[in-house]
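Me: I'd like to learn how to read a few features of this model. Can we go through them one at a time?

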Amino acid sequence: MYINTNYEIVHTGYSPGQSGFGGAYSGAGYNNHSRRVVMSINTEFGGMAADEHPVRIWYMHDVALFLTNKGNIFTTGENGNGELGIGSTTDKYVWVKNPYVGVGATWNSLQSRIRGVAMPNTGGYQSMGTRQRWYLIDENNRLFVFGAGANGCLGSGSTSNVTKPQLISTVGSIVSISAGYSSCHVIDTNGAVLSTGADTNGVQGGGGQKTSFSVITGVSNVVQ
């Protein structure tokens, strides 16, 4: 999947039902041997403005997300873990706007236009079903998460799945996100590193699994 110079999303290759085609392709695999524009957008949660278009796209086996120039996000695909972030576990086979963040969506009286997106290192096909999750940074450098919560990698305070964007209030102003297979690390504007999730091979700096973000001690002045 890629964005062409007309700001359209184009797909070629194997096309499972979650590739954004909609219609006859819903829920079924389809081998697409030519480039095909996949811009079927459902207006259930709102459509795109006339001067709005995709600027970045991310794809994980059975779910995809794109960010627009306005700061909205649109998703398509399977949704068993809430990885579409639309407040349910209903699969969508056309693009749908996320109504909880973006233009017009306020959290604590502040707009939440999205300016950054991170996806995990899902580790291959066999692990996809429990790893699909998203991390968002908004215009106020706040962190939002949704999707699969295994190992506490969302930092939401539990290992439960999150079906719509959740503001993580335990972190401050975020500038960078690195999402791994079963953990996540973020950098704040003070140069501190905060992490959550499994502690496999000591990636949390020791101390075991976390379900909420906390500072890794002994690390400072980090920029990337």
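Reply: Take C153, which counts as buried at 1% relative accessibility. C184 counts as buried too, at 0%. Keep in mind that this is a predicted model, where local features need pLDDT of at least 70 and side-chain atom pairs count only at pLDDT 80 or more, while totals for chains, interfaces and linings use all residues. Residues are numbered from 1 along each chain as its sequence is written, and side-chain values use heavy atoms, with hydrogens and water left out.

Me: How many disulfides does the structure hold?

Reply: A disulfide is a covalent bond between the sulfur atoms of two cysteines. The test used here is a pair of cysteine sulfur atoms within 2.5 Å. The structure holds 0 of them. C153 is in no disulfide, and the nearest cysteine sulfur to it belongs to C184, 8.2 Å away.

Me: Next, backbone angles. Which residue has a positive phi of about 60° although it is not a glycine?

Reply: Most residues other than glycine have a negative phi. Y7 goes against that, with a positive phi of about 60°. Y7 sits in the loop between β1 (2-3) and β2 (9-15). N141 is another non-glycine residue with a positive phi, near 60°, and its place is the loop between β12 (133-138) and β13 (143-147).

Me: Is N141 buried or exposed?

Reply: N141 is buried, with a relative accessible area of 15%. Y7, on the other hand, is partly exposed, at 44%.

Me: Now the sheets. In what order do the strands of the open sheet with β11 come?

Reply: Strands of a sheet pair through backbone hydrogen bonds, either parallel or antiparallel. Two strands count as paired if DSSP finds at least two bridges between them. Here 4 strands form an open sheet in the order β11-β12-β13-β14, with antiparallel pairing. β11 and β14 (162-167) are at the edges with a single partner strand each, so one side of each has no neighbour in the sheet. The twist averages 20° from one strand to the next; for such angles, axes are lines fitted to C-alpha atoms (for helices over the stretch in contact), and angles run from 0 to 180 degrees between N-to-C directions. β11 and β12 are joined by 4 bridges, and G116 has I137 of β12 as its bridge partner.

Me: And which strands form the open sheet that includes β17?

Reply: That one runs β15-β16-β17-β18, again with antiparallel pairing. Its edges are β15 and β18, each with a single partner strand, so one side of each is left without a neighbour in the sheet. Neighbouring strands are turned by 15° against each other on average, direction ignored. β15 and β16 pair over 5 bridges, with I177 standing opposite V186 in β16. β16 (residues 183-188) is joined to β17 by 5 bridges, where S183 partners G197. Those two strands form a hairpin with 4 residues between them, and G191 in the turn has a positive phi of about 85°. β17 and β18 (residues 210-215) share 3 bridges, and L194 stands opposite V215.

Me: How many residues of strand β17 are buried?

Reply: In β17 (residues 193-197), 5 of its 5 residues are buried. V193, S195 and G197 point one way, while L194 and T196 point the other way.

Me: Last one: what volume does the largest pocket have?

Reply: Its volume is about 190 Å³. Residues lining it include R56, W58, G116, I137 and I177. β11 gives the largest share of the lining, 4 residues. The elements giving two or more residues are β5 (54-60), β11 (114-118) and β15 (174-179). A pocket is found on a 1 Å grid over the protein atoms alone: an open set of points where a 1.4 Å probe fits, with protein on both sides within 12 Å along at least five of seven lines, and lining residues have an atom within 4 Å of a point. Its volume is the space filled by probe spheres set on the points, which are joined across faces, edges and corners.

Technical notes
Buried < 20%, exposed > 50% of the residue type's maximum accessible area, 1.4 Å probe, protein only.
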